[in-house]
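Take a look at the structure below.

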Protein chains: 2
Amino acid sequence: MFLKRIHLLCLFSFLFAFNLSAQTYIGKQKDIDKILKNVAQFSKDVMAGDHEAIAASYTSDGKIFPNKKDILEGTAALEKYWKPGEGWKTTYHKVTPQEIRIVKKTAYDYGYYEGESQGPDGKKSQWKGKYVIVWKKVKKEWKIYLDIWNGM
Amino acid sequence: MFLKRIHLLCLFSFLFAFNLSAQTYIGKQKDIDKILKNVAQFSKDVMAGDHEAIAASYTSDGKIFPNKKDILEGTAALEKYWKPGEGWKTTYHKVTPQEIRIVKKTAYDYGYYEGESQGPDGKKSQWKGKYVIVWKKVKKEWKIYLDIWNGM
């Protein structure tokens, strides 16, 4: 009887722990897969310092909300923002969505990001934070419409 | 001819200026009105220091993304976060949505916030920033599900 309770406790602990760390994706698998692919590609583009590819992952009227700046909108402004500073490189970038929910041709997505930058002096700094993204489906492609984040 | 061009220039300038400052609300007027009412009530609750009323404007699994903290979730955590510090008061709070778009029982909303705080020493400080909110319709009521912001 006592052992049974221990087993039950283990089972519930396992389920609880599993649920806490689980990622929630709601929507057609095909759309979820496309968004997850874009999320991974975004990090690759950041690590490659390819500001044109990064800006192209947003809608033409896409908006970013960088800390201590106004809202920046449109491809030209986004390319400028994402262009790495002289001698700077993002050596690591990873985004971990906690939840993606697709509602018709819109989706929201929130989670964590982390990365490492290397400056002109060769020194590396690590950073992490959290974000909310609103995606829009434009001609079968999922593009970022709103992108806001802050540190942890 | 010259005067006509001037007139035309004035007209276009007016239309352009108007469009730049215009707010975009997409969805049933009834839903938009409810969200706008909630936005105004949120500011009133913050100025009243009513952390229970503020927390009640979120879904029961609502999440906030405060700068330099982890994601906070659920009524208890949100009440704790929104409880004013001893001797602190928000003397002014205003939220100005730039766009609200309703998609079925979800809505996204982004814009600007501004406010003024008064500390225990009586000194006042002003602040402003920008935000993205994801709303959910729960039993005919619009509640905040995701709430993220940062300064300007």
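**Loops, sheet and interface**

A:Lys140 sits in the loop between strand 6 (124–138) and strand 7 (141–151) of chain A. Helices (H or I, at least four residues) and strands (E, at least two) are DSSP runs, numbered from the N terminus. This is a predicted model: local features need pLDDT of at least 70, side-chain atom pairs count only at pLDDT 80 or more, and totals for chains, interfaces and linings use all residues. Residues are numbered from 1 along each chain as its sequence is written, while chains are lettered from A and ligands numbered from 1 in the order in which they are written.

A:Lys140 is not a glycine, yet has a positive phi of about 70 degrees. Most residues other than glycine have a negative phi. A:Lys140 counts as exposed because it has 8 C-beta neighbours inside 10 Å. The cut-offs are these: a residue is buried if 20 or more other C-beta atoms lie within 10 Å of its own, exposed if 12 or fewer, and partly exposed in between, with C-beta atoms placed from the backbone. A:Lys104 also is not a glycine and has a positive phi, about 55 degrees. A:Lys104 lies in the loop between strand 4 (89–103) and strand 5 (106–118) of chain A.

Now turn to chain B. Its open sheet has seven strands in the order 1-4-5-6-7-2-3, with mixed pairing. Two strands pair if DSSP finds at least two bridges between them. The edges are strand 1 (24–26) and strand 3 (72–73) of chain B, each pairing on one side only. Strand 2 (residues 58–65) of chain B runs antiparallel to strand 3 of chain B, joined by two bridges. B:Lys63 has B:Glu73, in strand 3 of chain B, as its bridge partner.

Where do the chains meet? In chain B, 19 residues are in contact with 19 residues of chain A. Contact means C-beta atoms, placed from the backbone, within 7 Å. Strand 5, strand 6 and strand 7 of chain B each give two or more residues to this side. Strand 7 of chain B gives the largest share, four residues. The copies meet through the same surface, because 100% of the interface residues of chain B are also interface residues in chain A.

What about the core? The largest nonpolar core has 57 residues, and of these A:Val132 and B:Val132 touch the most other members. Such a core is a set of buried Ala, Val, Leu, Ile, Met, Phe, Trp, Tyr and Cys residues joined through C-beta atoms within 7 Å. Leaving aside neighbours within four places in sequence, B:Val132 has contacts including A:Val132, A:Phe65 and B:Tyr108.

Key. Contact = placed C-beta atoms within 7 Å.
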